[in-house]
Amino acid sequence: MLWVLIASIVGGTLLLAGIPKTRDRQGLLRTVRGYKLLPAPLESAVSFALPWTEIVLGAALITGLAGRWAAAGAALLFACFFAGLTINLLRGRRDLDCGCFAFGAHDVPRIGWFHAVRAGVFVLVAAGLIVVPAGAPSVAEHLLAVALAALVLVVVVTAVQMRSIVHPGRRPVDDHLTKASIELRAASTLSRY
């Protein structure tokens with residue numbers, strides 16, 4: 001059941017990544033172009049095929065259909081993400097939208113080593129799913145593992161969303177702007193005299 005849980009988490013992650021991309025093909029095309037790794041005709045093909053590949057692989061991993069083939073496809077896909085991120089980071093290009101789960105949601109999109117490491121971890125996990133001994137859990141065990149995977153993903157998504165709202169240790173923007181506004185008014189007043 002543990003491997004079904006892990007496969008479902010990887011599959012759910014691919015679904016979370018792929019489904020939003022189907023609604024913004026132009027945004028995905030801009031993201032793919034931003035990486036500057038592919039010739040133009042391939043950029044368009046990748047931006048079209050990527051979300052559907054993620055969705056099909058994710059569904060296959062969750063349902064257990066073509067389990068090892070789906071795991072191999074997921075490992076290859078995550079390896080491509082890892083390579084794209086790492087090459088751009090080594091080039092010093094950080095001002096890119098990751099395109100991992102959504103795009104255009106950030107004011108200043110940036111990639112970092114966190115994104116590359118995360119893709120690398122997914123490569124290892126998906127590769128691990130290829131080599132695990134084949135075992136058929138009961139339907140109840142499979143459903144329980146999928147439910148647990150959904151719970152894990154809900155907790156992670158909620159935590160990430162909360163992180164984008166709550167910034168412990170940071171001052172609110174208004175406080176920072178108030179101080180700057182006071183300094184600007186003082187400088188403006190002094191310049192009149």
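How much accessible surface does the chain have, and what share of that surface belongs to carbon and sulfur atoms? The accessible surface comes to about 12200 Å², and carbon and sulfur atoms account for 70% of it. Please keep in mind throughout this tour that the model is predicted.

**The whole chain.** Begin by displaying the entire chain as a cartoon. It contains seven helices and zero strands, and from the N terminus on the elements run α-α-α-α-α-α-α. Next, colour the residues by burial: of the 193 residues, 33% count as buried.

**Helix 1 and helix 3.** Now select residues 2–21, which form helix 1, together with residues 40–63, which form helix 3. Two packed helices are described by the angle and the distance between their axes. Here the axes come within 7 Å and cross at roughly 155°. Because angles over 145 degrees count as roughly antiparallel, helix 1 is roughly antiparallel to helix 3. Helix 1 passes helix 3 in a left-handed crossing.

**The contact between them.** Finally, show the side chains where the two helices meet. On helix 1, select residues including Ala7, Val10, Gly11, Leu14, Leu15, Gly18 and Lys21. On helix 3, their counterparts in the contact include Leu50, Pro51, Glu54, Ile55, Gly58 and Ile62. Which kinds of residue make up the contact of helix 1 with helix 3? Colouring by residue type will show 13 nonpolar, five polar and two charged residues.

Conventions:
Residues numbered from 1 in each chain as written. Predicted model: local features only at pLDDT ≥ 70, side-chain atom pairs only at ≥ 80, totals over all residues. Heavy atoms only, no water. Axes fitted to C-alpha atoms, helices over the stretch in contact; angles between N-to-C directions. Helix = DSSP H or I, 4+ residues; strand = E, 2+ residues; numbered from the N terminus. Parallel < 35°, antiparallel > 145°, perpendicular 65-115°, else oblique. Left-handed = near helix turned anticlockwise from the far one by under 90°. Contact = heavy atoms within 4.5 Å. Nonpolar A, V, L, I, M, F, W, Y, C, P; charged D, E, K, R; others polar. Buried < 20%, exposed > 50% of the residue type's maximum accessible area, 1.4 Å probe, protein only. Areas by Shrake-Rupley, 256 points an atom, 1.4 Å probe, with all protein chains shown as cover.
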